[in-house]
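Keep the sequence and the 3D view open side by side.

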Amino acid sequence: MTFADKIIHFNTHIEFHGTLPGGIRMMNPYRESETALAASTAFYRKYYDDRNPRHLILGINPGRFGSGTTGVSFTDPKRLAGKCGIPFPGPVTHEPSSEFIYDMIDAYGGPEQFYHGFYIHSVCPLGLTIKGLNGKETNYNYYDSKELQNALMPFILDNIHQLISMGFETDVCFCFGTGKNESFLRKLNAQHGFFGSIVALEHPRFIMQYKSKSKQDYIAKYLEAFSSVRKEP
(Lines give C-alpha, C1' and ligand atoms only; values in the text may rest on other atoms or scores of the structure.)
Protein backbone atom coordinates (compact mmCIF):
# COMPACT_ATOMS: atom_id res chain seq x y z
CA MET A 1 0.00 0.00 0.00
CA THR A 2 1.14 3.54 -0.70
CA PHE A 3 0.94 6.32 1.85
CA ALA A 4 -2.10 7.61 -0.06
CA ASP A 5 -3.84 4.27 0.43
CA LYS A 6 -3.04 4.26 4.15
CA ILE A 7 -4.02 7.90 4.77
CA ILE A 8 -7.30 7.60 2.86
CA HIS A 9 -8.13 4.39 4.72
CA PHE A 10 -7.40 6.14 8.02
CA ASN A 11 -9.56 9.13 7.10
CA THR A 12 -12.53 7.07 5.96
CA HIS A 13 -12.48 4.84 9.04
CA ILE A 14 -11.72 7.35 11.77
CA GLU A 15 -14.32 7.45 14.52
CA PHE A 16 -14.49 8.73 18.08
CA HIS A 17 -16.30 6.41 20.48
CA GLY A 18 -15.97 8.40 23.69
CA THR A 19 -18.18 11.03 25.32
CA LEU A 20 -17.39 14.72 24.95
CA PRO A 21 -18.11 17.34 27.63
CA GLY A 22 -21.31 19.30 27.16
CA GLY A 23 -21.37 21.99 24.49
CA ILE A 24 -18.43 20.52 22.53
CA ARG A 25 -18.88 19.00 19.08
CA MET A 26 -16.43 16.96 17.05
CA MET A 27 -16.16 17.62 13.30
CA ASN A 28 -15.57 14.73 10.91
CA PRO A 29 -15.37 16.16 7.37
CA TYR A 30 -14.80 12.71 5.86
CA ARG A 31 -18.27 11.63 6.98
CA GLU A 32 -20.07 14.96 7.02
CA SER A 33 -18.98 16.26 3.62
CA GLU A 34 -18.72 14.39 0.33
CA THR A 35 -16.87 17.43 -1.03
CA ALA A 36 -14.16 17.22 1.66
CA LEU A 37 -13.79 13.46 1.19
CA ALA A 38 -13.40 13.80 -2.58
CA ALA A 39 -11.02 16.77 -2.33
CA SER A 40 -8.79 15.15 0.30
CA THR A 41 -8.71 11.86 -1.62
CA ALA A 42 -7.58 13.72 -4.75
CA PHE A 43 -4.93 15.56 -2.72
CA TYR A 44 -3.43 12.41 -1.23
CA ARG A 45 -3.51 10.57 -4.55
CA LYS A 46 -1.59 13.48 -6.08
CA TYR A 47 1.13 13.90 -3.44
CA TYR A 48 1.34 10.66 -1.45
CA ASP A 49 0.81 7.84 -3.94
CA ASP A 50 4.22 6.30 -3.19
CA ARG A 51 6.17 4.63 -0.40
CA ASN A 52 8.82 7.32 0.18
CA PRO A 53 9.71 7.84 3.87
CA ARG A 54 8.33 11.05 5.37
CA HIS A 55 8.48 12.94 8.64
CA LEU A 56 5.41 13.87 10.64
CA ILE A 57 4.35 17.38 11.58
CA LEU A 58 1.68 17.46 14.28
CA GLY A 59 -0.57 20.44 14.82
CA ILE A 60 -3.29 20.79 17.45
CA ASN A 61 -6.58 19.74 15.84
CA PRO A 62 -8.33 20.74 12.61
CA GLY A 63 -10.09 24.09 12.33
CA ARG A 64 -13.42 24.77 10.68
CA PHE A 65 -12.16 26.74 7.67
CA GLY A 66 -9.01 24.75 6.86
CA SER A 67 -8.95 20.97 7.09
CA GLY A 68 -12.41 21.02 8.64
CA THR A 69 -13.58 22.09 5.19
CA THR A 70 -11.14 20.36 2.80
CA GLY A 71 -10.07 17.33 4.84
CA VAL A 72 -6.41 18.30 4.32
CA SER A 73 -4.36 19.70 7.21
CA PHE A 74 -3.63 23.45 7.04
CA THR A 75 -5.13 23.59 3.55
CA ASP A 76 -8.12 25.86 3.00
CA PRO A 77 -10.18 25.74 -0.23
CA LYS A 78 -8.32 28.77 -1.62
CA ARG A 79 -4.92 27.08 -1.29
CA LEU A 80 -6.23 23.65 -2.35
CA ALA A 81 -7.34 25.06 -5.68
CA GLY A 82 -4.75 27.80 -6.19
CA LYS A 83 -1.60 26.10 -4.93
CA CYS A 84 -2.37 22.38 -5.34
CA GLY A 85 -4.48 22.54 -8.51
CA ILE A 86 -7.31 20.50 -6.98
CA PRO A 87 -10.79 21.91 -7.69
CA PHE A 88 -13.04 22.60 -4.71
CA PRO A 89 -16.71 23.07 -5.60
CA GLY A 90 -17.72 24.48 -2.21
CA PRO A 91 -17.23 28.00 -0.77
CA VAL A 92 -13.65 29.23 -1.27
CA THR A 93 -12.87 30.18 2.32
CA HIS A 94 -9.62 31.73 3.54
CA GLU A 95 -7.75 30.58 6.64
CA PRO A 96 -4.69 32.58 7.84
CA SER A 97 -2.77 29.50 9.03
CA SER A 98 -3.12 27.97 5.57
CA GLU A 99 -1.82 31.19 4.00
CA PHE A 100 1.34 30.98 6.14
CA ILE A 101 1.88 27.27 5.46
CA TYR A 102 1.65 27.67 1.70
CA ASP A 103 3.91 30.72 1.70
CA MET A 104 6.39 28.52 3.56
CA ILE A 105 5.82 25.64 1.14
CA ASP A 106 6.47 27.96 -1.81
CA ALA A 107 9.74 29.01 -0.18
CA TYR A 108 10.62 25.34 0.36
CA GLY A 109 10.22 24.58 -3.33
CA GLY A 110 6.51 23.99 -3.83
CA PRO A 111 3.94 21.40 -2.76
CA GLU A 112 5.48 18.45 -4.62
CA GLN A 113 8.85 18.91 -2.94
CA PHE A 114 7.40 19.60 0.48
CA TYR A 115 4.90 16.79 0.58
CA HIS A 116 7.54 14.40 -0.73
CA GLY A 117 9.23 14.67 2.66
CA PHE A 118 6.51 15.64 5.15
CA TYR A 119 3.00 14.80 6.26
CA ILE A 120 1.06 17.38 8.27
CA HIS A 121 -1.44 15.93 10.70
CA SER A 122 -2.67 16.75 14.22
CA VAL A 123 -2.35 15.44 17.76
CA CYS A 124 -6.15 15.17 17.76
CA PRO A 125 -7.11 14.16 14.22
CA LEU A 126 -10.64 15.57 14.19
CA GLY A 127 -11.69 19.16 14.82
CA LEU A 128 -13.59 20.49 17.81
CA THR A 129 -16.02 23.33 18.29
CA ILE A 130 -17.77 24.83 21.30
CA LYS A 131 -21.09 26.63 21.29
CA GLY A 132 -21.08 30.03 22.99
CA LEU A 133 -23.88 31.77 24.85
CA ASN A 134 -24.97 33.36 21.57
CA GLY A 135 -25.35 29.90 20.02
CA LYS A 136 -22.43 30.42 17.65
CA GLU A 137 -19.81 27.68 17.21
CA THR A 138 -16.12 28.55 17.48
CA ASN A 139 -12.98 26.44 17.15
CA TYR A 140 -11.84 24.66 20.30
CA ASN A 141 -8.57 22.92 21.15
CA TYR A 142 -8.14 19.46 22.65
CA TYR A 143 -6.19 20.96 25.59
CA ASP A 144 -8.65 23.79 26.39
CA SER A 145 -10.15 21.83 29.29
CA LYS A 146 -8.76 19.00 31.37
CA GLU A 147 -12.06 17.14 31.12
CA LEU A 148 -11.91 17.24 27.32
CA GLN A 149 -8.26 16.24 27.25
CA ASN A 150 -8.97 13.21 29.45
CA ALA A 151 -11.95 12.21 27.30
CA LEU A 152 -9.80 12.40 24.15
CA MET A 153 -6.67 10.68 25.50
CA PRO A 154 -7.41 7.14 24.17
CA PHE A 155 -8.36 8.66 20.80
CA ILE A 156 -5.13 10.71 20.67
CA LEU A 157 -2.94 7.75 21.61
CA ASP A 158 -4.61 5.56 18.99
CA ASN A 159 -4.11 8.32 16.42
CA ILE A 160 -0.34 8.47 17.01
CA HIS A 161 0.00 4.68 17.09
CA GLN A 162 -1.78 4.45 13.74
CA LEU A 163 0.43 7.15 12.21
CA ILE A 164 3.56 5.31 13.26
CA SER A 165 2.17 2.02 11.94
CA MET A 166 1.76 3.64 8.51
CA GLY A 167 5.55 3.83 8.28
CA PHE A 168 6.35 7.48 8.93
CA GLU A 169 9.81 8.31 10.28
CA THR A 170 10.12 8.37 14.06
CA ASP A 171 13.60 9.85 14.61
CA VAL A 172 12.18 13.39 14.61
CA CYS A 173 8.62 14.68 14.91
CA PHE A 174 7.86 18.34 14.24
CA CYS A 175 5.26 20.09 16.37
CA PHE A 176 3.24 23.17 15.45
CA GLY A 177 2.86 25.13 18.67
CA THR A 178 5.46 26.08 21.27
CA GLY A 179 3.01 26.29 24.16
CA LYS A 180 0.41 23.78 25.28
CA ASN A 181 0.64 21.56 22.20
CA GLU A 182 4.39 21.18 22.60
CA SER A 183 4.10 20.57 26.35
CA PHE A 184 1.42 17.91 25.88
CA LEU A 185 3.26 16.14 23.06
CA ARG A 186 6.58 16.11 24.92
CA LYS A 187 4.92 14.64 28.00
CA LEU A 188 3.19 12.00 25.89
CA ASN A 189 6.44 11.18 24.13
CA ALA A 190 8.31 10.84 27.43
CA GLN A 191 5.72 8.32 28.56
CA HIS A 192 5.43 6.30 25.35
CA GLY A 193 8.68 6.84 23.43
CA PHE A 194 6.98 7.52 20.10
CA PHE A 195 9.76 9.69 18.64
CA GLY A 196 13.49 10.14 19.09
CA SER A 197 13.07 13.90 19.43
CA ILE A 198 10.46 16.62 19.00
CA VAL A 199 11.20 19.92 17.27
CA ALA A 200 8.63 22.59 18.08
CA LEU A 201 7.85 25.57 15.85
CA GLU A 202 5.57 28.51 16.52
CA HIS A 203 2.04 27.76 15.40
CA PRO A 204 1.03 29.34 12.06
CA ARG A 205 -2.08 30.88 13.64
CA PHE A 206 0.02 32.55 16.35
CA ILE A 207 2.40 33.90 13.71
CA MET A 208 -0.36 35.31 11.52
CA GLN A 209 -2.31 36.76 14.43
CA TYR A 210 0.48 38.26 16.53
CA LYS A 211 3.72 38.24 14.50
CA SER A 212 2.63 38.84 10.92
CA LYS A 213 5.26 41.56 10.38
CA SER A 214 7.92 38.93 11.09
CA LYS A 215 6.36 36.26 8.86
CA GLN A 216 9.44 35.91 6.65
CA ASP A 217 11.63 35.34 9.71
CA TYR A 218 9.36 32.51 10.84
CA ILE A 219 9.34 31.00 7.35
CA ALA A 220 13.15 31.00 7.48
CA LYS A 221 12.99 29.30 10.89
CA TYR A 222 10.68 26.60 9.51
CA LEU A 223 12.93 26.00 6.51
CA GLU A 224 16.00 25.71 8.72
CA ALA A 225 14.27 23.13 10.91
CA PHE A 226 13.00 21.09 7.98
CA SER A 227 16.34 21.19 6.20
CA SER A 228 17.80 18.89 8.85
CA VAL A 229 15.70 15.99 7.53
CA ARG A 230 15.08 17.16 3.95
CA LYS A 231 14.77 14.45 1.32
CA GLU A 232 15.06 15.40 -2.32
CA PRO A 233 12.54 13.91 -4.80
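**From sheet to helices**

Four strands form an open sheet in the order β3-β2-β6-β7, and their pairing is parallel. This is a predicted model. Two strands stand at the edges: β3 (118–122) and β7 (197–201). Each has a single partner strand, so one side of each is left without a neighbour in the sheet. From one strand to the next, the twist averages 25°. As a general point, strands of a sheet pair through backbone hydrogen bonds, either parallel or antiparallel.

Now look at one pair in that sheet. Strand β2 (residues 55–59) runs parallel to strand β6 (residues 172–176), and the two pair over 2 bridges. Opposite L58 stands C175 of β6.

That cysteine leads to another topic, disulfides. A disulfide is a covalent bond between the sulfur atoms of two cysteines. Its sulfur atoms must lie within 2.5 Å of each other to be counted here. By this rule the model has 0 disulfides. C173 is in none, and the nearest cysteine sulfur to its own, that of C175, is 7.0 Å away. C175 is likewise in no disulfide; its nearest cysteine sulfur is that of C173, at 7.0 Å. Are these cysteines buried or exposed? C173 has 0% relative accessibility, so C173 counts as buried. C175 is buried too, with a relative accessible area of 0%.

Which residues of α11 are buried? They are K215, Y218, I219, Y222, A225 and F226. Seen down the axis of α11, these buried residues fall within an arc of 125°, so they line one face of the helix. The face of α11 turned away from the buried side carries exposed residues: Q216, D217 and E224.

Finish at helix α1 (residues 3–13), where I8 lies. I8 counts as buried because its relative accessibility is 13%, and the cut-off for buried is under 20%. What does I8 touch, leaving out residues up to four places away in sequence? Its contacts are T41, Y44 and R45. I8 and R45 are 37 residues apart in sequence, yet their C-alpha atoms are 8.8 Å apart in space.

Notes: Residues are numbered from 1 along each chain as its sequence is written. This is a predicted model: local features need pLDDT of at least 70, side-chain atom pairs count only at pLDDT 80 or more; totals for chains, interfaces and linings use all residues. Side-chain values use heavy atoms; hydrogens and water are left out. Buried means under 20% relative accessible area, exposed over 50%, partly exposed in between (1.4 Å probe, protein chains only). The arc is that of the directions from the helix axis to the C-beta atoms. Two strands pair if DSSP finds at least two bridges between them. Axes are lines fitted to C-alpha atoms, for helices over the stretch in contact, and angles run from 0 to 180 degrees between N-to-C directions. Contact means heavy atoms within 4.5 Å.
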